[in-house]
Amino acid sequence: MKITLNGKIGEHLVTFKSDLGHGAAHWQDNKLLSNTSYHIELEINDFFEWDKNIIVTIP
């Protein structure tokens, strides 16, 4: 998945945007280049259920 980093919100937490929407993720590299695009692998270790832990947002 291709993402573009928006900024840093913690020591290892970044915000990003992609064609699928916006999000936050744990970033292992100390270097953060905002507005830089990366191709990443996304690993989700959770079960998602609509209106419980995932919601629709209106842009």
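This is a predicted model: local features need pLDDT of at least 70, side-chain atom pairs count only at pLDDT 80 or more; totals for chains, interfaces and linings use all residues.
Me: In which element is Thr4 found, and what share of the protein is buried?

Reply: Strands (E, at least two residues) and helices (H or I, at least four) are DSSP runs, numbered from the N terminus. Thr4 is found in strand E1, residues 2–8. In the protein, 14% of the 59 residues are buried.

Me: With which side chain does the side chain of Thr4 make a polar contact?

Reply: A polar contact is a pair of N or O atoms within 3.5 Å; within protein, one must be able to donate a hydrogen and the other to accept it, and residues adjacent in sequence count only if both atoms are side-chain atoms. Here the partner of the Thr4 side chain is the side chain of Ser37, at 3.0 Å.

Me: Which residues are in contact with Thr4, leaving aside its neighbours within four places in sequence?

Reply: Contact means heavy atoms within 4.5 Å. With those neighbours set aside, Thr4 touches Thr15, Phe16 and Lys17, and also Asn35, Thr36 and Ser37. Thr15 belongs to strand E2, residues 13–18, and is partly exposed at 21% relative accessibility. Apart from neighbours within four places in sequence, the contacts of Thr15 include Thr4, Leu5, Gly23 and Ala24. Thr15 and Ser34 are 19 residues apart in sequence, while their C-alpha atoms are 9.4 Å apart in space.

Me: How many aromatic pairs are there?

Reply: A pair of aromatic rings is described by the distance of the centres and the angle of the planes. Rings of Phe, Tyr and Trp (its six-membered ring) pair if their centres lie within 6.5 Å; planes under 30 degrees apart count as stacked, over 60 as edge-to-face and the rest as tilted. This rule gives one aromatic pair. The ring centres of Trp27 and Tyr38 are 5.1 Å apart and the planes stand at 65°, so the pair is edge-to-face. It links distant parts of the chain, 11 residues apart: Trp27 lies in the loop between strand E3 (21–26) and E4, and Tyr38 in strand E4. Trp27 is buried at 14% relative accessibility, whereas Tyr38 is partly exposed at 24%.

Me: What is the phi of Asp51?

Reply: Most residues other than glycine have a negative phi. Asp51, although not a glycine, has a positive phi of about 65°. Asp51 lies in the segment after E4 and counts as exposed, at 70% relative accessibility. Ile44 also sits in the segment after strand E4 (37–39), and is partly exposed with a relative accessible area of 47%.

Me: How many helices and strands does the protein have, and what are the spans of its C-alpha trace?

Reply: There are zero helices and four strands, and from the N terminus on the elements run β-β-β-β. Along its principal axes the C-alpha trace spans about 35 × 25 × 20 Å. Of the contacts with a separation of 6 or more, 35% are between residues 24 or more positions apart.

Notes. Residues are numbered from 1 along each chain as its sequence is written. Side-chain values use heavy atoms; hydrogens and water are left out. Buried means under 20% relative accessible area, exposed over 50%, partly exposed in between (1.4 Å probe, protein chains only).
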